[in-house]
Amino acid sequence: MNASLFPGKKPDPYSSEFISAVKDWVDEHFISIQAQLAELVAHQSLAFDGYDRAALHASADAIAELFSDVGLQELHQVTEIDDADHTSGPAIIGRIPASGDKPTVLLYAHHDVQPVGDLSAWHTDPWVATERQGRLYGRGTADDKAGIIVHHAAVKALNDLLGADHGLGVTVFIEGEEEIGSPFFAQFLQNHRDLLAADTIIVADSSNWSVDVPALTTSLRGMIDGVIEVTVADHPVHSGLFGGPMLDAITVLSRVIASLHDADGDVAVEGLKQQRWADVTYDENDFRNQTGAVEGLKLAGTGNLADRLWNKAALNIIGIDATPIPESANAIVPTAKARFSMRLGPGMDPHEAMQAVSRHIGALDVQGAEVQVHPGEVGRPFVVEPNVRATDMMKHALSDAWGTAAIETGLGGSIPFVADLVDAFPNASILLTGVEDPDTKAHSPNESLDLSVLRHAIEAQVLVLARMAFTR
């Protein structure tokens, strides 16, 4: 429909009247918004190998149907195929072309989710959105199906409040494989460049400082990962007959792993210099409560806790291949592997970091054991340029929605495709927003979304879109 809720006059999107109208619209529609999110959560949209791809495509179908009522043109599902005939997860792309000299905004989210893991650790069915004490539990409730819902509700509200002829260009891009590293993302951007080009890109896949304090993410750590492989023999040998002169591969691998941090817990790999410092203080008690750290655990590293989370290198061992205990025998284990994941602070180059890890391990005295480093994924860090107009506009909208001043934060996690967006659209402003909070537990059992945050996230996005529609 073309009718506006402000007939006969041009509304002021910064006015208290308009802000109230936005909040009233969200209140009026919130029951259906929550139901739409619950419908998306029911789809077991896993892009990982070994899972039924039919569920991923059913999720894409549901999203295409959801967006069919907001006036998007060329709304369709898109998949990409590489030279080895591998197929991407299904994405949904649609747009409302800009009128005249109005800007275009690209709205990004993803509909694939993480596996649920140990079902016994969940307090509710992970595939049934369940409300408890103001939070909605279920896999994907926050990461990132709520991001999809924010985009849909915001475009619908914009049409209702300003009329469908508001003129702002809106492109929606809902990806289907972010949780496996977005392997086709650059190909999507290359093949659909004209369709996806925008002045501002809003990525709804980040977190807030708290339920009560909104945040705009202005930096992301980059990442590298890989596998360290240790070999001491070409086959297992009896530990009673040969143990002593020959160390097992697990012990040697443990020594290699131990060398990766210094006595304070900082990463011991040379060449990874911190280049950015946080302006806020991260409370240590909050960190302990949010992580469930065991009582008495000393936190690793030195310096400001926020810097350790956002701006310094961090390395974790996230998997080990060795003989499982039930299968262990009195034999010297000949080979062992460990997968490492390293987060890189803003300004660190991932390729140089991978070389630094290889040099560090190559220089260790491993008593002649064979040690190899097999490089894996890389992702560059991201920093929003200061004093960007769109950044100020988004912070203002967040503050108006929450009624509390928004802050700028870093994010310890990595979103590797953001670097692809920067490469493809170097002149676009990129805004990282989200619906998560410190209690969300994304990627873990009992993932949840605070429903007040969902309300405010929608309000903020409606406000920023409306203000962009009146600004050039």
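In what order do the strands of the open sheet of four strands lie? In this predicted model, the order is E11-E13-E9-E14, and the pairing is antiparallel. Strand E11 (314-321) and E14 stand at the edges with a single partner strand each, so one side of each is left without a neighbour in the sheet. From one strand to the next, the twist averages 20°.

Let's look inside this sheet. E9 and E13 run antiparallel and are joined by 10 bridges.

Another helix to visit here is H10. Helix H10 lies across E9, E13 and E14 and runs at about 165° to E14. It is made of 13 residues, 350-362, and from its first C-alpha to its last it reaches 18 Å, close to the 18 Å expected at 1.5 Å a residue. Its buried residues are Pro350, Ala353, Met354, Ala356, Val357, His360 and Ile361. They cover an arc of only 160° around the axis, which puts them on the same side of H10. The spacing has a simple background: an α-helix has 3.6 residues a turn, so residues three or four places apart point the same way.

What do the buried residues of H10 pack against? Their partners are strand E9 (222-231), helix H7 (249-258), strand E13 (335-344) and strand E14 (370-379). Turned away from the buried side is a face that carries the exposed residues Glu352, Arg359 and Gly362.

Now move on to another sheet. This open sheet has three strands in the order E4-E5-E18, again with antiparallel pairing. Strand E4 (130-132) and strand E18 (448-450) are the edge strands, and each pairs on one side only. Here the twist averages 25° from one strand to the next.

Strand E5 (residues 135-137) pairs with E18 in the antiparallel sense over three bridges. To find the pairing, look for Arg135, which stands opposite Asp450 in E18. Helix H13 (residues 451-469) packs on this sheet and touches E4, E5 and E18, with a direction that makes about 65° with that of E18.

How values were computed: Residues are numbered from 1 along each chain as its sequence is written. This is a predicted model: local features need pLDDT of at least 70, side-chain atom pairs count only at pLDDT 80 or more; totals for chains, interfaces and linings use all residues. Side-chain values use heavy atoms; hydrogens and water are left out. Helices (H or I, at least four residues) and strands (E, at least two) are DSSP runs, numbered from the N terminus. The expected span of a helix is 1.5 Å times one less than its number of residues. Buried means under 20% relative accessible area, exposed over 50%, partly exposed in between (1.4 Å probe, protein chains only). The arc is that of the directions from the helix axis to the C-beta atoms. Contact means heavy atoms within 4.5 Å. Two strands pair if DSSP finds at least two bridges between them. Axes are lines fitted to C-alpha atoms, for helices over the stretch in contact, and angles run from 0 to 180 degrees between N-to-C directions.
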